Amino acid sequence: MVLGRFGGYKVAVVQTNMGAECRDEIEVALERFPNAQAIIGVGVAYGAKKYQYCDVLVSKWIEDLSTVKFDVGNNIITRGEKLEMRPWLVNIFTKQTGEFAIKQNFSCTADGLRRPQIAGGILFSASWLVDNAAVKSEIFENAPEAIGGEMEGWVLSSIERKLRNKNPPRNIGVIIIKGLADYGDGTKGTQWQFTAAKAAVDYTFFQLEDAGDGALAYPSPSKLAAYLREIKSDVNREFE
């Protein structure tokens with residue numbers, strides 16, 4: 001666990017396993033930090049074809065793909081719920097989107113010509129991996145406005161609902177910030193994973209710094225990205 005401050009916010013960065021296996025690490029962290037206001041899921045996702053590698057996808061809604069129905073024609077029909085993110089979190093992470101790449105001098109390519117775009121909308125989420133063109137096409141046919149999909153968002157949303165239903169209830173929000181690393185269509189590779197993850201990390205810290213009441217930010221996004229490649233989930237460390 002990495003502790004730091006970004007803008008006016010105290011932040012605990014928790015490295016988790018993928019998909020449904022992220023639940024334990026997040027619940028342990030929330031027990032340790034009972035005053036946490038938000039869970040921000042940062043990482044990589046597959047995206048709709050209208051977006052490009054390294055673009056940043058911001059969830060305004062999370063739609064559960066863990067429950068699907070196959071009709072008589074073997075077509076996929078999604079049956080999961082769609083959960084809207086808290087407006088105050090969406091506002092933080094969807095403002096000044098055009099200034100991110102310029103202020104951060106962030107480029108998706110070495111020549112500096114490809115700047116990431118920020119997209120907000122519906123993110124599909126399920127613990128199973130989507131990497132098949134036909135399956136993806138059917139999923140997106142039901143929600144053509146969707147921006148992409150990933151594997152942890154619905155788990156984090158279920159944790160949020162569980163906490164809100166406690167007595168007394170715990171008021172906490174969830175939002176997902178993911179870099180587009182592939183298209184979930186069978187062409188999945190690793191070429192864009194690091195750059196896409198770094199875009200999501202840098203964008204998250206850019207908005208937290210701007211939304212907070214100060215300019216202090218440590219560790220730097222690049223230092224944190226390098227650090228996260230080395231640590232394991234059971235390591236606890238505080239930046240000085």
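**Helix packing in a predicted model**

Visitor: Which residues of helix α4 (residues 133-142) are buried?
Guide: The model is predicted. Buried here means under 20% relative accessible area. In α4, that applies to Lys136, Ile139 and Phe140.

Visitor: Where do they sit around the axis of α4?
Guide: Take the buried residues Lys136, Ile139 and Phe140. They cover an arc of only 90 degrees around the axis, so they lie on the same side of α4.

Visitor: Which strands do the buried residues of α4 pack against?
Guide: Lys136, Ile139 and Phe140 are the buried residues of α4. Their packing partners are β3 (38-47), β8 (118-125) and β9 (148-150).

Visitor: Which residue caps the N-terminal end of α4?
Guide: Look at the backbone nitrogen of Ala134. A side-chain oxygen lies 3.0 Å from that nitrogen. The oxygen belongs to the capping residue, Asn132.

Visitor: Are α1 and α5 roughly parallel or oblique to each other?
Guide: The axes of α1 (residues 23-32) and α5 (residues 153-164) come within 10 Å and cross at roughly 40 degrees. Angles under 35 degrees count as roughly parallel. The two helices, α1 and α5, are therefore oblique.

Visitor: Which residues of α1 make the contact with α5?
Guide: α1 passes α5 in a right-handed crossing. On the α5 side, the contact involves Val155, Leu156, Ser158, Ile159, Lys162 and Leu163. On the α1 side, it involves Arg23, Ile26, Glu27 and Leu30.

Visitor: Is Gln207 buried or exposed?
Guide: Gln207 is in helix α6 (residues 193-211). Its relative accessibility is 0%, so Gln207 counts as buried.

Visitor: Which side chain makes a polar contact with the side chain of Gln207?
Guide: Beyond four places in sequence, Gln207 is in contact with Ile92, Phe93, Lys95 and Gln96. The polar contact, at 2.9 Å, is with the side chain of Tyr203.

Definitions and conventions: Residues numbered from 1 in each chain as written. Predicted model: local features only at pLDDT ≥ 70, side-chain atom pairs only at ≥ 80, totals over all residues. Heavy atoms only, no water. Helix = DSSP H or I, 4+ residues; strand = E, 2+ residues; numbered from the N terminus. Buried < 20%, exposed > 50% of the residue type's maximum accessible area, 1.4 Å probe, protein only. Polar contact = N/O pair within 3.5 Å; in protein donor to acceptor, adjacent residues only side chain to side chain. Contact = heavy atoms within 4.5 Å. Arc of directions from axis to C-beta. Axes fitted to C-alpha atoms, helices over the stretch in contact; angles between N-to-C directions. Parallel < 35°, antiparallel > 145°, perpendicular 65-115°, else oblique. Left-handed = near helix turned anticlockwise from the far one by under 90°.
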